[in-house]
Amino acid sequence: MAHSARRDCPELPDFSLLKRLARDQLIYLLEQLPGKKDLFIEADLMSPLDRIANVSTLKQHEVDKLYKVEYKPVISTSDQLCFLIRPRIQTRKYVLLVPDVANADKAAGKFRRYKLIFTPQKFYACEAVLEEQGIFGDVTTDEWAFYLLPLDDDIISLELPEFFKDNFLAGDQRWVRTAGSALHLLHSLYGPFSKIYGIGRCSKMAYESWREQVEEGEQRTRQAEIGKVFLIDRDVDFVTPLCSQVVYEGLVDDIFRIKCGCVEFPPDVTSSDKSIKVMLNSQDKVFNEIRNEHFSNVFGFLSQKARNLQTAYDKRRGMDIKQMKTFVSEELKGLKQEHRLLSLHIGASESIMKKKTKQDFQELLKTEHALLEGFEMRESISFIEEHINRQVSMIESLRMLCLLSITENVLDASYGVDHLLTFANLRQLGLLVEQPPGETLTVMESKVGKLVNDKTAGKLTDAFSSLARKSHFRALSRKLNLVPKSDEEYDLRVPRDMAYIFSGAYVPLSCRLIEQVLERDGWTGLEEVTRLLNGHEFAVSGKNDAQRIIVVMFLGGCTFSEVSALRFLGRERALKNSNKHDYFLVSRL
C-alpha cells in the first residue's frame, strides 16, 4: 500500500462504487414507502449510514424525522414508520417494538404502514418473531444488502463488530454467508480474481459460500481489477492483537477509538471547550504522513511540518497586491486547513504522550517483548502480579495473561466474581488454556498456579497454559522468524521489516503468513506451519493474471498495526518487483 495510493496507482478500482450501490439500494427501499416517513435506526448503524446517505440525502427522499432505535414506546405522529436494524439475537427486542406499535395502533383504530429493513441480510428468525406476534402480514420486511463500506483508499469494512463474538465464541456461523457475499460483490464489480488463498475454518467456509454464489449467479466477463485474495481467520493469530500498538494510527484507536473511519477528539486535544469529530483517511495530508509511523518519530515530523507551515505563511511579507490576491485565492485556504489538522494531531500526540510514555507503559512493552522472546519469565510474572495487585488496568492484565497463555483468574480478589464470564469466554476462545492432565509443570507454571490459587480463593478451578500451545508459538516464531535478533540496533526511523510496528520486537504472525504465501504462490514449504495452525489452508487459481491489488480479508477484525505492516509490505514488494501497482487492500469484518 502506498501512502498516497490513489496518486501512485492510477489504475486503482473505484471503490466509491460500493458506497453508491449501497446508497441507491437504500433509497430504493425507502421509496417503497412513498410520502413522508420516520426512520428509526439502530445505534451502531448510524455512523455507517452517515457515510453512505447523510441526513440531507434522506430528507430528499421524504424521511421526515430520524430516531435512534431504543427499547421504549415509539413516539411518532407519522403514518409511515421504517426501522433499520441488524438481524441479531439481541435486537429481537427491537423487532418486538414493531408488533407493540402495530397492536397499539389497532386498538386505537389507527392505520399506519410499517417497514422493517434488516442489514446486511435478514434471517429466518427475524420473520418468525413477527409471525409469533400475529402481525406478519401487517409489516413489510426487506434487506439492505450493504456489505462493504470504503473507509479509505486501502480499507473497506463490513462494519460487523459482532462477527468475532458470534463466530469464534458462540459458534454461530450466520455471518459466514455475509462474508461470502462481500467477496461476491468484489468479484462482480471488479472482475475475476487471479488466485485465492486462505487459512482458517471460517475462511474456508466463506470461500465455499462465495463459490456457491458465483455458480448460482449470472456469469459476466469483466476486466480484472483485483489480483489475489487472502482470507485469514482472526483465531489463526491471537498474539498480534494482544500486543500494545505503538504506530500513530493504532495509538489513536487505542485511546480515542476510531469508529467507521472517524474519531472524536476531546476538548484537551482540540484546545477548546468542545469535542470535534475528524475523518481519518488519506485526504488528511498530515495524518496520512504519520499514520504508519512509530510514535517515537511523530513529534519530529509534526515539528518540521509546523516550521514549513510558518515559512509558507511568512511568504506574505513584502508581497504586492497582485501577489497577495493570488496567495489568498490559491494557497491560504489550503494552509488554514493544514494548520487546523496540524493543531489537532499535535494535540492528539500530546495526549498520547501523557498516557503512553510513562514508566508504566514502557515496563508493559518490555514485559510484552520478553513474553514474545521467551526470556526473563520470572521478571515478567512479577510485573504481571504487581500490575494485578496495583489494579492498574484489568484489560491490560488480561491481555498480558492471555499473551502468556495462562488460564483463569489471576486478577486481584477485589475484581471478584463479576468477571467469571469473561474468563469462561477467554477459555472457550483458547486465549486462556487449561493444562492437559498429566503434564509436568515447570517452575514458572507452578508459580503462576500458586498465584491463581491465591487470587481466586477457590472460586475457579486451577488452570495453566497449555505446554503444547506455548511450544506452537515458539515453533512458529522460529520457523517464520517472528522475533528479529536483538543483537543489533533497530532504527525505527528507517524500518527494515514489519517488526517496526512493535518497536522491532515482533513481526505479526498474520502478516508474515501473508508475505510467505505470496512469495511461494501457495502453501508449499509451509506444511509444518499450517499443521501447527490446525490447517484449513487452501489455494485456488482463478481466471486472470492481474497483479494490481492483493485483497486481505480478516474474518474477525484486525488491528491498525497490521494495516500499517501490510502497507509496509506492499511498498517492499513493489520495490522488489519494480511494480508500482503492487499493494494491499484490507477488508475486515
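Analyst: Buried means a relative accessible area under 20%, and exposed means over 50%. The model discussed here is predicted.

User: Is Leu335 buried or exposed?

Analyst: Leu335 is found in helix H15, which spans residues 321-356. Its relative accessibility is 9%, and because the cut-off for the class is under 20%, Leu335 counts as buried.

User: How far apart in space are Leu335 and Ala312, C-alpha to C-alpha?

Analyst: In sequence, Leu335 and Ala312 are 23 residues apart. In space, the distance between them from C-alpha to C-alpha is 7.9 Å.

User: How much of the chain counts as buried, and what share of its contacts with a separation of 6 or more comes from residues 24 or more positions apart?

Analyst: The secondary structure of the chain comes to 24 helices and 14 strands. Of its 589 residues, 55% count as buried. Among contacts with a separation of 6 or more, the share that residues 24 or more positions apart account for is 76%.

User: Where is Ser564, and which residues is it in contact with, leaving aside neighbours within four places in sequence?

Analyst: Ser564 has its place in helix H24, residues 560-577, and with a relative accessible area of 0% Ser564 is buried. Once neighbours within four places in sequence are left aside, the contacts of Ser564 are Val247, Arg291, Asn292, Tyr500 and Ile501.

User: Which domains does the largest cavity lie between?

Analyst: The structure holds 5 cavities of 30 Å³ or more, and about 80 Å³ of space lies in the largest cavity. Among the residues that line the largest cavity are Asp152, Glu249, Arg291, Phe560 and Arg588. Because both domains give residues to this lining, the largest cavity lies between domain 2 (147-237 + 472-588) and domain 3 (248-359).

User: How many residues in the lining of the largest cavity are nonpolar, polar and charged?

Analyst: The lining includes Leu151, Ile155, Ile258, Gly261 and Leu280. Gly counts as polar in this division, and the residues of the lining divide into 5 nonpolar, 1 polar and 4 charged.

User: How many residues of helix H11 are buried, and which residue just after it takes a positive phi?

Analyst: Helix H11, residues 248-256, is mostly covered, with 7 of its 9 residues buried. Those buried in H11 are Tyr248, Glu249, Gly250, Leu251, Val252, Asp253 and Phe256. Just after H11, a positive phi of about 70° is taken by Arg257.

User: Which residue takes a positive phi just after helix H6?

Analyst: In helix H6, residues 124-132, Cys126, Ala128, Val129 and Leu130 are buried. Just after H6, the residue with a positive phi, of about 75°, is Gly134.

User: How many aromatic pairs are there, and how far apart in sequence are the parts that the pair of Phe15 and Tyr190 ties together?

Analyst: The count comes to 17 aromatic pairs. Phe15 and Tyr190 form an edge-to-face pair, 5.1 Å centre to centre with 65° between the planes, and both Phe15 and Tyr190 are buried. Phe15 lies in the loop between helix H1 (5-8) and helix H2 (16-30) and Tyr190 in helix H8 (residues 176-190), so the parts that this pair ties together are apart in sequence by 175 residues.

Note on methods:
Residues are numbered from 1 along each chain as its sequence is written. This is a predicted model: local features need pLDDT of at least 70, side-chain atom pairs count only at pLDDT 80 or more; totals for chains, interfaces and linings use all residues. Side-chain values use heavy atoms; hydrogens and water are left out. Buried means under 20% relative accessible area, exposed over 50%, partly exposed in between (1.4 Å probe, protein chains only). Helices (H or I, at least four residues) and strands (E, at least two) are DSSP runs, numbered from the N terminus. Contact means heavy atoms within 4.5 Å. On a 1 Å grid over the protein atoms alone, a cavity is a set of points where a 1.4 Å probe fits but cannot get out, and a pocket is an open set with protein on both sides within 12 Å along at least five of seven lines; lining residues have an atom within 4 Å of a point. Grid points are joined across faces, edges and corners, and a volume is the space filled by probe spheres set on the points. Domain bounds come from an automatic or database domain assignment. Rings of Phe, Tyr and Trp (its six-membered ring) pair if their centres lie within 6.5 Å; planes under 30 degrees apart count as stacked, over 60 as edge-to-face and the rest as tilted.
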